[in-house]
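Biologist: I would like to learn how to read aromatic pairs in a protein model. Could you walk me through some?

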Amino acid sequence: MARTTHDITVPDLSGKRAVLTGGSDGIGLVLARRLAAAGADLVLPVRNRGKGEAASAEIRARVPQASITLHSLDLSSLESVDAFAGALLTEGRPIDVLVNNAGVMTPPERRTTVDGYELQLGTNHLGHFALVGRLMPLLRAGRARVTTQVSVAANRNAINWDDLQWERAYDAFGAYSQSKIAVGLFGLELDRRSMTSGWGITSNISHPGIAPTNLLAAQPGIGRPEESREIRLIRRLSALGLAGTPETAALPALLAATSPDATGGRFYGPRRFRHMSGPPAEQAPYRRLRNSEEAQRIWRLSEQLTDVSFPEGGASKAGTSALGLVRDHRQPA
């Protein structure tokens, strides 16, 4: 039986395992609730266990039959990514849907991950790159749909190849744009490589438009003690119907991840003015996401920085023999 949310019909996901990062609040919480309501066995990897438990309780209050499993995951730590992937690989259950939704946005001052990488690149892109690589055996077993969340920011700026880690001159929004361009290039390149190498997975990308979420709210943990001016403006625009809400902003990723009409290698976002809000639809990928040479370049670099490689038609380095590997925490060049 299909279930409908707003103007999107979500297929029955009963018996399917869905993994969603960033599912404890905002757009991610909406996605988590929609997936659970459609019958998916939902895996929520969370950095903050308390927030994860609160999110799980909120979902179950609205979807009593929800199947939710919490795991610990900090995408800014490659060791944490290894540990989470190891737990799922030990369980051995194929993954049918993976939504790479978590992210961090514009710390006022430059910050780094546990592994020494600029926080936004390390969390938004490298963490998800490593996660997909480590989970490849389960994604291949489930012939999974992988949906990666980018941003309208991926339509601005560029990858700062000369100073990828923003060590010489930090620009908060420039670094955020770079991270979203990188993860968008990865999401589309993943589909191309799957088709070429016969991995059996499909990969697409989505963006939520503009909506009031916690990305720009006060976050002392990343050096933002007060909410930004941007979030106040977005709230006003949302109230006027000129920007989305968390409910509507979740729909492009929901469509991309679950609809039988959504396919690999495509880009989904809101369809109204400048793709800021409205019902979800396919749109042309941003110009910055169409460069296959840059996609291959960021792929190779990401393999080096994360020490994660993908299969060339054979077994992935993400297999169980790699899980006990002691990582060489190399600093970026």
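This is a predicted model: local features need pLDDT of at least 70, side-chain atom pairs count only at pLDDT 80 or more; totals for chains, interfaces and linings use all residues.

Biologist: How many aromatic pairs does a search of the whole structure find?

Modeller: The search finds nine. A pair of aromatic rings is described by the distance of the centres and the angle of the planes. Take Phe173 and Tyr176: their centres are 6.3 Å apart, with 45 degrees between the planes, which makes the pair tilted.

Biologist: Where do Phe173 and Tyr176 sit in helix α6?

Modeller: They are three residues apart in that helix (residues 172-197), so about one helical turn separates them. Phe173 is partly exposed, at 27% relative accessibility, whereas Tyr176 is buried, at 3%.

Biologist: And which parts does the pair of Trp299 and Phe310 tie together?

Modeller: This pair is also tilted, at 4.7 Å centre to centre and 55 degrees between the planes. Trp299 belongs to helix α10 (residues 292-306) and Phe310 to the loop between α10 and α11, so the pair links parts eleven residues apart in sequence. Trp299 is buried, with a relative accessible area of 1%, and Phe310 is buried at 7%.

Biologist: What lies over the face of Trp299?

Modeller: Arg193 does, 4.3 Å from the ring centre. Elsewhere, the charged end of Arg297 sits over the ring of Trp161, at 4.0 Å from its centre.

Notes:
Residues are numbered from 1 along each chain as its sequence is written. Side-chain values use heavy atoms; hydrogens and water are left out. Rings of Phe, Tyr and Trp (its six-membered ring) pair if their centres lie within 6.5 Å; planes under 30 degrees apart count as stacked, over 60 as edge-to-face and the rest as tilted. Helices (H or I, at least four residues) and strands (E, at least two) are DSSP runs, numbered from the N terminus. Buried means under 20% relative accessible area, exposed over 50%, partly exposed in between (1.4 Å probe, protein chains only). A charge sits over a ring if NZ of Lys or CZ of Arg is within 6 Å of the ring centre and within 35 degrees of the ring normal.
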